[in-house]
Amino acid sequence: MANLRLMSNNIWNCDSNKPAWEAQGLDCSAQARMPGIARVYAETRPDVIGLQEASHTMVDLLAHELYKLGLKYTVIWTRFTSILYRSDRFELVDADYLCYPETFEGYEGCFNDVRSKSCNLAVLRVKENGKCFVFANTHLWWKNRDPAAKSYQAGSGECRAYQLGLATDLINQYRAKHGGCPAVLLGDLNDNYSSPMMEEAFRRGYVHAHDVATEYANPFNGYHYCFPDGYRHYQPQPFERGIDHILVLGNDQLAVRRFDRYTPEYYDPLSDHYPAFADVEL
């Protein structure tokens with residue numbers, strides 16, 4: 001069995017410093033933040049990382065910082081949902097990319113701003129044992145489904161469930177192509193545990209890594225305030241309020257040992273999303 005660490009990390013699409021940060025003597029530019037993101041990976045040593053909100057500038061800077069730390073990751077670059085993987089441990093045997101539609105039938109408005117909502121898929125073969133798995137990194141539509149919320153948009157919850165369905169349909173194509181191998185679907189799903197999106201995932205046979213972890217499951221949400229007007233320190237909320245998820249199909253083949261979130265204090269000004277990761281056996 002191979003022991004793997006799989007991570008999801010929304011690194012906040014912000015290339016340049018913002019006036020509110022500058023007024024506080026702070027810097028939220030990509031150049032200032034990417035060394036901290038690289039430090040996270042040096043400390044946690046994930047084998048595969050699904051990034052969200054990762055601009056071309058940010059990925060370029062991050063790759064350089066990782067190189068300086070002696071961390072060798074190969075980049076599968078796409079618009080905002082790049083994947084990093086350790087080529088010393090894996091062989092890339094297949095890949096695909098899906099940009100979700102900008103419209104959602106039956107509802108008004110845009111449901112994919114600046115084409116940032118997508119699924120980046122890789123089929124990876126573990127070199128030490130020859131086993132394959134699908135790693136699908138996604139970022140779903142962001143607006144709130146609660147009519148009382150400031151960011152409410154009608155159809156948002158239903159749209160996320162639809163987008164998740166598109167992602168799982170794509171995954172199924174590659175699972176069938178590669179012998180029914182297990183799959184991991186992770187990312188910023190922009191909704192909580194009790195949502196139409198999660199119900200759709202469960203209906204399609206996925207389990208949450210938190211629910212099936214045999215050794216440890218982090219009980220908190222891994223999300224805090226970090227936006228153009230400033231940031232606040234992390235105040236953990238219950239797991240059910242989290243929006244960064246790791247879902248597994250074929251848990252009998254890819255067993256989850258640990259579901260966790262990495263929340264060091266130095267991360268507070270780096271992004272609003274703390275990294276989520278799962279330790280699995282394949």
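1. In this predicted model, R89 is a buried residue, its relative accessible area being 14%. The charged side chain of R89 has a partner: R89 forms a salt bridge with E128, and the closest N and O atoms of the two are 2.5 Å apart. The bridge joins distant parts of the chain, since R89 sits in the loop between β4 (83-85) and β5 (90-99), while E128 sits in the loop between β6 (118-126) and β7 (132-139). The two residues are 39 residues apart. E128 itself is exposed, with a relative accessible area of 52%.

2. A network of salt bridges links D47, R86, D88, R89 and E128. In the whole structure, the search finds 18 salt bridges.

3. A further salt bridge is formed by K177 with D94, where the closest N and O atoms lie 2.8 Å apart. K177 belongs to helix α4 (residues 156-177) and D94 to strand β5, so this bridge ties together parts of the chain that are 83 residues apart in sequence.

4. E200 counts as buried at 15% relative accessibility, while R203, at 60%, counts as exposed.

5. The backbone deserves a comment at two residues. W12 has a phi near 60°, a positive value in a residue other than glycine. W12 is placed in the loop between β1 (3-10) and α1 (19-23), and at 6% relative accessibility W12 counts as buried. R115 also has a positive phi, of about 55°, although R115 is not a glycine. The loop between β5 and β6 holds R115, which is partly exposed with a relative accessible area of 42%.

6. Turning to the overall fold, the chain contains six helices and 15 strands. Its radius of gyration is 18 Å, close to the 19 Å that the globule rule gives for 282 residues, so the chain is as compact as a globular protein of that length. Along the principal axes, the C-alpha atoms fill a box of roughly 55 × 50 × 30 Å. Which share of the contacts with a separation of 6 or more comes from residues 24 or more positions apart? Such residues account for 71% of these contacts in the chain.

7. The last point concerns burial, surface and charge. Of the 282 residues of the chain, 54% count as buried. The accessible surface comes to about 11900 Å², and carbon and sulfur atoms own 48% of this surface. The chain carries 28 positive and 36 negative side chains. The centres of these two sets of charges lie 3 Å apart.

Definitions and conventions
Residues are numbered from 1 along each chain as its sequence is written. This is a predicted model: local features need pLDDT of at least 70, side-chain atom pairs count only at pLDDT 80 or more; totals for chains, interfaces and linings use all residues. Side-chain values use heavy atoms; hydrogens and water are left out. Helices (H or I, at least four residues) and strands (E, at least two) are DSSP runs, numbered from the N terminus. The radius of gyration is taken over C-alpha atoms; the globule rule is 2.2 Å times the number of residues to the power 0.38. Buried means under 20% relative accessible area, exposed over 50%, partly exposed in between (1.4 Å probe, protein chains only). Contact means heavy atoms within 4.5 Å. Accessible areas come from the Shrake-Rupley method with a 1.4 Å probe; for residues, only the protein chains shown count as cover. Lys and Arg count as positive and Asp and Glu as negative; His and the chain ends are not counted. The place of a charge is taken as NZ of Lys, CZ of Arg, CG of Asp or CD of Glu. A salt bridge is a side-chain nitrogen of Lys or Arg within 4 Å of a carboxyl oxygen of Asp or Glu.
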